[in-house]
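Here are my notes on this one, as numbered points. Have the structure open while you read.

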Amino acid sequence: MNIAIVGSGYVGLVTGACFAEIGVNVTCVDVDQEKIDKLEKGEIPIYEPGLKELVLKNQNAGRLNFTTSLESVLDQVEVVFSAVGTPPDEDGSADRKYVLQVARTIGKYMTDYKLIVTKSTVPVGTAKKVRHAIREELDKRGLDIPFDVASNPEFLKEGNAINDFMSPDRVVVGVESEKAKELMTKLYKPFLINNFRVIFMDIPSAEMTKYAANSMLATRISFMNDIANLCEKVGADVNMVRHGIGTDTRIGRKFLYAGCGYGGSCFPKDVKALIKTAEQNGYEMGVLKAVEAVNERQKSILFDKLDTLWQHEFSGKAVTLWGLAFKPETDDMREAPSLVLIDKLLKAGCTVRVYDPEAMNECRRRIGDAVSYARDMYDAVLDADALLLVTEWKEFRLPAWGVLKKAMRRPLLIDGRNLYDAGEISEVGFEYHCIGK
C-alpha cells in the first residue's frame with residue numbers, strides 16, 4: 001500500500017516511520033527543503049526515543065522516502081495524511097491555513113480517487129472546509145474525480161510516541177463512506193491484529209474527540225494544582241490526597257500529579273482552540289477558561305516560593321534550573337513552565353544557570369545567552385543559592401546530595417514536580433520545599 005504524509009514534524013514523522021515499519025510504502029512531504037535534505041541524510045529534527053533508529057531502518061529498506069513535492073507523488077498513492085501544523089491564531093483559534101493549502105494542492109493535481117485523512121488537530125468543521133477546497137480546485141479543472149475525507153486525530157504522548165502508535169489503546173477515525181472505512185481498516189489492522197481497537201464515528205465527533213481528550217487531561221492537572229495550593233494553606237499533603245482520590249475507580253490515578261504547570265504543543269493550544277470554538281458557536285466553556293487561568297498562574301509557583309523565602313530580594317542571587325523541556329523524554333519547550341520561570345528570575349535580577357539532558361539547544365534557540373548552560377547536573381549547581389527542579393528527568397531522581405550541598409552556596413531545593421522525599425532531603429542538610437505540602 002502506498003501513502004503520502006504531508007508535514008514532517010513530530011506527528012508526521014512518527015506516523016510515517018511507524019506505517020513504514022509494518023510494510024506500507026510511505027513518502028513524507030514537507031515544504032521545508034532544509035528539513036527534507038537533513039531527513040534524507042538521516043538527521044532527525046526532533047528528539048523522540050527510538051524515532052531515529054526507526055526512520056533509518058525504514059529508509060534503508062526503501063519503505064520511507066522524503067520529498068518537497070506532493071504533486072510528484074500524488075499519482076502513486078491512494079491515501080494522503082495531512083499532518084501539517086495548526087498553530088494558535090492571535091485570537092486563540094487553530095490556524096487552518098496549512099491544512100487548506102494541502103487540500104488545494106490535492107485538488108489541483110489529483111487524477112484518480114484519493115482518501116484525504118486529517119491527522120492534525122483541527123476544530124470541528126475542518127473536514128467540510130477541506131472537502132470544499134478540493135472540490136473548488138476540481139471544478140476549476142472541470143473534473144469530477146471521486147474522493148473521500150476522513151479524520152484520524154493523533155493521541156501520541158511525547159517521549160512515548162513510537163509505542164503509542166505501534167500499540168495504541170484506541171484509534172479514532174471519522175469517516176463518511178464504506179470505502180474510506182475499508183482503507184483505514186486496512187492501514188490499522190496490522191497494529192491491532194489480536195484486538196482491533198479502531199473506533200469509527202462521524203467526522204465532527206472524531207474532530208471533537210481530540211480536543212475533548214486533551215482538555216479533560218489538562219483539567220485534571222489544573223484541578224490537582226489548585227488542590228495542591230490549597231493543601232499548603234490548610235496543612236494537608238497533596239500526595240496523600242492524590243492517593244486517596246486516585247484509588248476511586250471512578251477517578252483513577254493518572255494525571256493527578258501536582259506540579260508547576262503543564263506545557264507542550266497540545267494541551268495549551270487545544271484548550272485555547274476549544275474555548276474559541278465554543279465562543280464562535282455562542283457558548284462559553286467556563287471550566288476550560290478556569291483550567292487555563294490556573295495553569296498560567298501555576299507556572300509562576302516556583303518563583304513565588306522563592307519570592308517568599310527571599311523576601312523579594314533577588315538581586316545578585318544565582319539560581320539553577322534542572323529541566324527545561326515541558327516534560328521528560330523530549331526537547332520540546334513550547335509553552336514550557338521553564339520559560340516563564342526564567343523570564344521572572346532574570347527580571348528580578350538573578351543569574352540563571354540551566355541543565356536539561358535534551359533541551360539545551362532548543363533553549364539556546366529560544367532565548368540565546370540570557371542564561372548560562374551547564375555541562376551536567378552537578379556543574380549546574382556550582383555556587384547556586386537555590387536549585388529548582390522543573391522537569392522530572394530520570395537522571396535527577398537520585399543525585400549525590402553530598403556533592404550538591406558542597407557545590408551550592410546555599411542548600412535550598414524547590415521541587416516543582418514533587419520528585420523527592422522531604423524527610424530524606426532534610427536529613428542530608430537541604431532546605432526543601434515542594435508543591436502542595
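1. Ground rules: helices (H or I, at least four residues) and strands (E, at least two) are DSSP runs, numbered from the N terminus. Keep in mind that this is a predicted model, where local features need pLDDT of at least 70, side-chain atom pairs count only at pLDDT 80 or more, and totals for chains, interfaces and linings use all residues. Residues are numbered from 1 along each chain as its sequence is written, and side-chain values use heavy atoms, with hydrogens and water left out.

2. Start with helix 1, residues 10–21: its 12 residues reach 17 Å from first C-alpha to last, close to the 16 Å expected at 1.5 Å a residue (the expected span being 1.5 Å times one less than the number of residues). Just after helix 1 comes G23, with a positive phi of about 105°.

3. How enclosed is helix 1 by the rest of the structure? Largely, because 11 of its 12 residues are buried (buried means under 20% relative accessible area, exposed over 50%, partly exposed in between, with a 1.4 Å probe and protein chains only). Among the buried ones are Y10, G12, T15, C18 and F19.

4. Helix 10 (residues 267–280) gets a similar check. Its 14 residues should span 20 Å at 1.5 Å a residue, and the end C-alpha atoms are 20 Å apart, so the two agree. After helix 10 comes G282, with a positive phi near 75°.

5. Strand 10 (residues 351–355) joins strand 11 in the parallel sense over 2 bridges, and R353 has S372 as its bridge partner in strand 11.

6. On packing: the largest nonpolar core has 58 residues, and L302, L306, L321, W322, L345, V354 and Y420 touch the most other members. A nonpolar core is a set of buried Ala, Val, Leu, Ile, Met, Phe, Trp, Tyr and Cys residues joined through side-chain atoms within 4.5 Å. Leaving out residues up to four places away in sequence, L306 touches Q311, F314, V319, L345, A386, L388, L412 and I414 (contact means heavy atoms within 4.5 Å). Another core, of 43 residues, lies apart from it, with I3, I44, L156 and F165 among its members.

7. Cysteines: the count is 0 disulfides, a disulfide being a pair of cysteine sulfur atoms within 2.5 Å. The sulfur of C18 is 11 Å from the closest cysteine sulfur, in C28, so a bond is ruled out by distance. C18 is buried, with a relative accessible area of 0%.

8. Last, E427 sits in helix 16 (residues 422–427) and is exposed, at 70% relative accessible area.

Methods:
Pairing = 2+ DSSP bridges.
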